[in-house]
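Hello,

Here is the structure I promised to pass on to you. Please open it beside this email and follow along as you read.

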Amino acid sequence: MLVTLIFLVGVSSSLALDNGLALTPPMGWLTWERFRCITDCKKYPNECISENLIKRTADLMVNEGYLDAGYEYLGIDDCWLEKERGPDGRMVPDKERFPNGMKAVADYIHSKGLKFGMYEDYGNLTCAGYPGVLGNERLDIQTFVDWEIDYLKLDGCYINPTAMDAGYPAFGKMLNETGRQILYSCSWPAYQEDAKMLPDYASIAEHCNMWRNWDDIEDSWASLTKIMNWFGDNQDRLAQHAGPGHWNDPDMLLIGNFGLTEDQARVQMAVWSILAAPLLMSVDLATIKPEFKAILLNKDIIAVNQDPLGKQGLRVWKKTERGVRSRLEIWNRKLYDGTYAVAFVSQRDDGIPYAASFTADEMQLPKGEYQVQDLYKDEGVRQWNSEDHFEVRVNPSGVKFYKFIPRASSDAIKSDSGFVSDAIVNVLMNNS
Ligand code: GLA
């Protein structure tokens, strides 16, 4: 066994990205979903993509407890560049909106104990039409290193998706060779899924710390459920590739913006935690309402997302009632200590809470006795024996999110040791 393990570790180190980052899903904040490509600072001084927005957000991430909760990356998405490169061929940040250049922004972010994320595109242009890296890869990587970035989202507009299987790994190799630890977020499979190609997720997981699998999220319940349904429908070919160092990315959190109710925001936080998804907020932290802030800062749910085993959870059960626009589904994630996080998500939109009861098999829980904690703390702790049905009542377009803790300590220890050995192998494989 030991020989096999050493052999596997050796093989993985020659192929893998091997930057030691993202051992749990990355957490942070990105401009795009909320602030898009707002570049007119005269009209929208608090919303334009600018040094001011980034500094203000850095202050709020630290002062309002987001950094303490784990949100450490602060990232600028598209629309930070001048339309033309400089005379030396280098990328130039917009001179009005970033009057002190990017290194000054990086220094400010780092002085706050945060990490700095940036966006570029592998093609000729970014998706919003600013200069892409194609043809200038080495120079741009050097520029990013000079600016001391910690995270790079490399988008895939204006390049043929068939070029990505070689291109993304080659770019990642160059990033790695700089010796600076830069988390590598790839949009590689999103463009291939869109082109109806079948992405090579094994290779993607070897070369990227995270990867956007699919469509852009928009600020609505319709978009959120479309993405959740796609991840559920395709979980058999996605979930196995997630683990410490490499994660599927269903896109940013909408929580705190205009399109989701509080119940719907709770759904996203629960499902993203089950999916071991990166938790990237995209919201104005200066004006976010307290109920949404509480969802983003829910420590018990963040702990599910950040579980060290790093095993992506699954949609284990679903039902759509004929004639009623009503649908309930169960998502289950095994955690390193032998407990389970289980979310009951209602997609019904007829204003009626969904009351139902489930067997252990339907929830995919081993038989036994459990203590059950409500992670949103609306309900007190319950004791539940798998000989009984488990009863839930879920708000329309809402969630009940529980942690199931096996009560029989012998069972817990048995499963514990199994999980931990898996976790160690995973960490070895990914740290080697
Ligand atoms: C693409 C990406 C988005 C965002 C925009 C920026 O659509 O998928 O996440 O980065 O480009 O233009």
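**The ligand and its surroundings**

In this predicted model, a side-chain N or O atom of Asp78 lies 2.7 Å from an oxygen atom of the ligand. That is a polar contact, meaning a pair of N or O atoms within 3.5 Å; within protein, one of the two must be able to donate a hydrogen and the other to accept it, and residues adjacent in sequence count only if both atoms are side-chain atoms. Asp155 also has a polar side-chain atom 3.0 Å from a ligand oxygen, and for Arg212 the distance from a side-chain N or O atom to an oxygen of the ligand is 3.1 Å. The protein buries 90% of the 310 Å² that the ligand exposes when taken alone; these areas come from the Shrake-Rupley method with a 1.4 Å probe.

A few words on how to read the numbers. Residues are counted from 1 along each chain as its sequence is written. Because this is a predicted model, local features need pLDDT of at least 70 and side-chain atom pairs count only at pLDDT 80 or more, while totals for chains, interfaces and linings use all residues; side-chain values use heavy atoms, with hydrogens and water left out.

Which residues are around the ligand? They are Trp32, Asp77, Asp78, Tyr119, Cys127, Ala128, Lys153, Asp155, Arg212 and Asp216, where a residue is near a molecule if one of its heavy atoms lies within 4 Å of it. This shell divides into six charged residues, four nonpolar ones and no polar ones. For that count, Ala, Val, Leu, Ile, Met, Phe, Trp, Tyr, Cys and Pro are nonpolar, Asp, Glu, Lys and Arg are charged, and the others, Gly among them, are polar.

The ligand sits in the second largest pocket. A pocket is found on a 1 Å grid over the protein atoms alone, as an open set of points where a 1.4 Å probe fits, with protein on both sides within 12 Å along at least five of seven lines. A molecule sits in a pocket if more than half of its atoms lie within 2 Å of its grid points.

Let us go back to Asp78, which is found in the loop between E2 and H5. Helices (H or I, at least four residues) and strands (E, at least two) are DSSP runs, numbered from the N terminus. Is Asp78 buried or exposed? Asp78 counts as buried because its relative accessibility is 3%; buried means under 20% relative accessible area, exposed over 50%, and partly exposed in between, with a 1.4 Å probe and protein chains only. Its C-alpha atom is separated by 8.0 Å from that of Tyr130, 52 residues apart along the chain.

Cys79 is found in the loop between strand E2 (73-75) and helix H5 (101-111). Cys79 has a positive phi of about 80°, although it is not a glycine, and it is buried, with a relative accessible area of 1%.

**Two other loops**

Ser397 lies in the loop between strand E15 (390-394) and strand E16 (399-406). Phi of Ser397 is near 40°, a positive value in a residue other than glycine. With a relative accessible area of 10%, Ser397 is buried.

Asp251 is found in the loop between strand E7 (247-249) and helix H12 (262-274). Asp251 counts as buried, at 4% relative accessibility, and its side chain reaches the backbone nitrogen of Ile217 at 2.8 Å.

**Residues in strands**

Strand E10 (residues 326-334) holds Glu329. What joins the side chains of Glu329 and Gln347? A polar contact of 3.3 Å does, and Glu329 is buried, with a relative accessible area of 0%.

Arg333 also has its place in strand E10 and is buried at 0% relative accessible area. From Arg333 to Arg315 the distance is 8.9 Å, C-alpha to C-alpha, and the two are 18 residues apart in sequence. Arg315 is found in strand E9 (residues 314-321) and is buried, with a relative accessible area of 10%. Arg315 and Phe344 are 29 residues apart in sequence and 9.7 Å apart in space, C-alpha to C-alpha.

Gln371 is partly exposed, because its relative accessible area is 23%.

Best wishes

Key
On a 1 Å grid over the protein atoms alone, a cavity is a set of points where a 1.4 Å probe fits but cannot get out, and a pocket is an open set with protein on both sides within 12 Å along at least five of seven lines; lining residues have an atom within 4 Å of a point.
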